[in-house]
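Subject: Structure handover

Hi,

Here is the structure I promised to pass on. My notes on it follow below.

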Amino acid sequence: MVDNITSLDKLYKRCLPALLVKVRELNNIGVKVSPIKIWSLLTKKWKQSHNLLLCDIVSDIMSIDKYDMEDLWIFCLFY
């Protein structure tokens, strides 16, 4: 089944469950972050990517740790 997502807003809504799980996980280890913050940082990273699949996006979300949040923030300052 091919599901073409035509807007960033629709993609955000589709990924929101994964974002909320990651926010809860990070909050439990003392990293205060919001779904919007994670989304904002990752979308800046993804601008350099082509043909991203939903599974790749969810994988990026779920693999973030507290150090990645710092690295992504620094990466986004320069790109």
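First a convention: angles under 35 degrees count as roughly parallel, over 145 as roughly antiparallel, 65 to 115 as roughly perpendicular and the rest as oblique. Axes are lines fitted to C-alpha atoms, for helices over the stretch in contact, and angles run from 0 to 180 degrees between N-to-C directions. Helices are DSSP runs (H or I, at least four residues), numbered from the N terminus.

This is a predicted model, so local features need pLDDT of at least 70 and side-chain atom pairs count only at pLDDT 80 or more, while totals for chains, interfaces and linings use all residues. Residues are numbered from 1 along each chain as its sequence is written, and side-chain values use heavy atoms, with hydrogens and water left out.

Helix 2 (residues 35–46) and helix 3 cross at roughly 130°, their axes coming within 11 Å. The two are therefore oblique to each other. Trp39, Leu42, Lys45 and Trp46 of helix 2 make the contact (heavy atoms within 4.5 Å) with Ile57, Asp60 and Ile61 of helix 3.

Helix 1 packs against helix 3 (residues 54–62) at about 30°, with the axes 9 Å apart. That makes this pair roughly parallel.

Tyr12 sits in helix 1 (residues 8–28). At 15% relative accessibility, Tyr12 counts as buried (under 20% relative accessible area, with exposed over 50% and partly exposed in between; 1.4 Å probe, protein chains only). Beyond its neighbours within four places in sequence, Tyr12 touches Leu19, Pro35, Ile36 and Trp39.

Best wishes
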